[in-house]
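I opened my notebook to look up charged side chains and their partners. Here is what I wrote down, entry by entry.

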Amino acid sequence: MLVIDPDECIDCTLCVPECPVEAIFAEDDVPDAQQPFIALNRELAAKWQPIIERKPAPADADEWAKKKDKKQLLEK
C-alpha cells in the first residue's frame, strides 16, 4: 500500500491513471466503499516516509494486487 500526502497533493489527478491496481481516485470520485481510506491515507501519510526514488515493485506485487479485503492485514 502506498499513500499520498493530502497536504502535498495538488489534485492534478495525474496519479489516477498511473495506479496499476486502480486504487487512486480523484477527490470527488472516491466511491462510498472507499471513503474510510481517506482518513487512513491521511494518518499513514503523516507517519510514513516519502518515497523519493523509483524502486522495482515487490516480486509478489501482482499476486497481492488480486487479493481483496487486505485492510485487516495492514501493519501500522
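I count a charge as sitting over a ring if NZ of Lys or CZ of Arg is within 6 Å of the ring centre and within 35 degrees of the ring normal. By that rule, Lys71 lies over the face of Phe37, 5.1 Å from the ring centre. I also found Lys67 over the face of Trp64, at 5.4 Å.

A note on the source: this is a predicted model, where local features need pLDDT of at least 70, side-chain atom pairs count only at pLDDT 80 or more, and totals for chains, interfaces and linings use all residues. Residues are numbered from 1 along each chain as its sequence is written, and side-chain values use heavy atoms, with hydrogens and water left out.

Next I looked up salt bridges (a side-chain nitrogen of Lys or Arg within 4 Å of a carboxyl oxygen of Asp or Glu). The structure holds three. Asp7 pairs with Arg42, with the closest N and O atoms 3.4 Å apart. Asp7 lies in the segment before helix 1 and Arg42 in helix 1, so this pair ties together parts 35 residues apart in sequence. I took helices as DSSP runs (H or I, at least four residues), numbered from the N terminus.

Lys47 and Glu43 also meet in a salt bridge, at 3.2 Å, N to O. Glu43 meets Lys76 as well, at 3.6 Å, N to O. Shared partners join Glu43, Lys47 and Lys76 into one network.

Conventions: Helices (H or I, at least four residues) and strands (E, at least two) are DSSP runs, numbered from the N terminus.
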